[in-house]
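Take a look at the sequence and the fold before reading on.

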Amino acid sequence: KQVAADQRCHLANLFLHSLADDDGVAEPIDVRPVKGFTHAFEASLDYKMGGFHLQATAVPRDLCMLDDAGGASSAIMMDPGDSRTMEIFVQSKKREKIGTLKR
């Protein structure tokens, strides 16, 4: 059975923003493609930013989800000058977990 190209799971959007300051304001962080790579992006934080939060969406939403093995849904703390590589995977919601036991 062949799946239509627009029904395959894929990443629809990717947003980064700084952690909220004392006033509750979080600044957006520009994300740009890495030259020479199809599915790679990079971003640079302002020196005053202590970390970031990542938001992403997998589509189609009723069939797909993000695999959060890398902790992408958590706030990521950073020290000035540090770097962080994150991998985001999109997978089907219908995929069964390996190692479950049915009784």
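What follows goes from the whole chain to its sheet, its pocket and a few single residues.

## What you are looking at

This is a predicted model, in which local features need pLDDT of at least 70 and side-chain atom pairs count only at pLDDT 80 or more, while totals for chains, interfaces and linings use all residues. Residues are numbered from 1 along each chain as its sequence is written, and side-chain values use heavy atoms, with hydrogens and water left out.

## The chain as a whole

You'll find eight strands and zero helices here; both are DSSP runs numbered from the N terminus, with helices being H or I of at least four residues and strands E of at least two. Read from the N terminus, the order is simply β-β-β-β-β-β-β-β.

Of the 103 residues, 18% count as buried, and that word means under 20% relative accessible area, with exposed over 50% and partly exposed in between (1.4 Å probe, protein chains only). The accessible surface comes to about 8,500 Å², and carbon and sulfur atoms hold 51% of it; such areas come from the Shrake-Rupley method with a 1.4 Å probe, and for residues only the protein chains shown count as cover. Among contacts with a separation of 6 or more, 59% are between residues 24 or more positions apart, where contact means heavy atoms within 4.5 Å.

## The open sheet

Four strands make an open sheet in the order E2-E1-E5-E7, with antiparallel pairing. Two strands pair if DSSP finds at least two bridges between them. At the edges sit strand E2 (28-29) and strand E7 (76-77), each of which pairs on one side only.

## The largest pocket

The largest pocket has a volume of about 870 Å³. On a 1 Å grid over the protein atoms alone, a pocket is an open set of points with protein on both sides within 12 Å along at least five of seven lines, whereas a cavity is a set where a 1.4 Å probe fits but cannot get out; lining residues have an atom within 4 Å of a point. Grid points are joined across faces, edges and corners, and a volume is the space filled by probe spheres set on the points.

Of the 30 lining residues, Phe41, Glu42, Ala43, Arg84 and Met86 are the closest to the pocket's centre. Strand E1 (10-18), strand E4 (41-43) and strand E5 (51-59) are the elements that give two or more residues to the lining, and E1 gives the most, with four. By type, the lining has 18 nonpolar, six polar and six charged residues. Here Ala, Val, Leu, Ile, Met, Phe, Trp, Tyr, Cys and Pro count as nonpolar, Asp, Glu, Lys and Arg as charged, and the others, Gly among them, as polar.

Leaving aside residues up to four places away in sequence, Ser18 touches Ala26, Glu27, Ile29, Met49, Gly51 and Phe52.

Glu42, in strand E4, is partly exposed, with a relative accessible area of 39%. Again leaving aside residues up to four places away, Glu42 touches Asp30, Val31, Arg32 and Val34. Finally, Pro60 is in the loop between E5 and strand E6 (64-67), and the peptide bond from Val59 to Pro60 is cis, with omega near -5 degrees.
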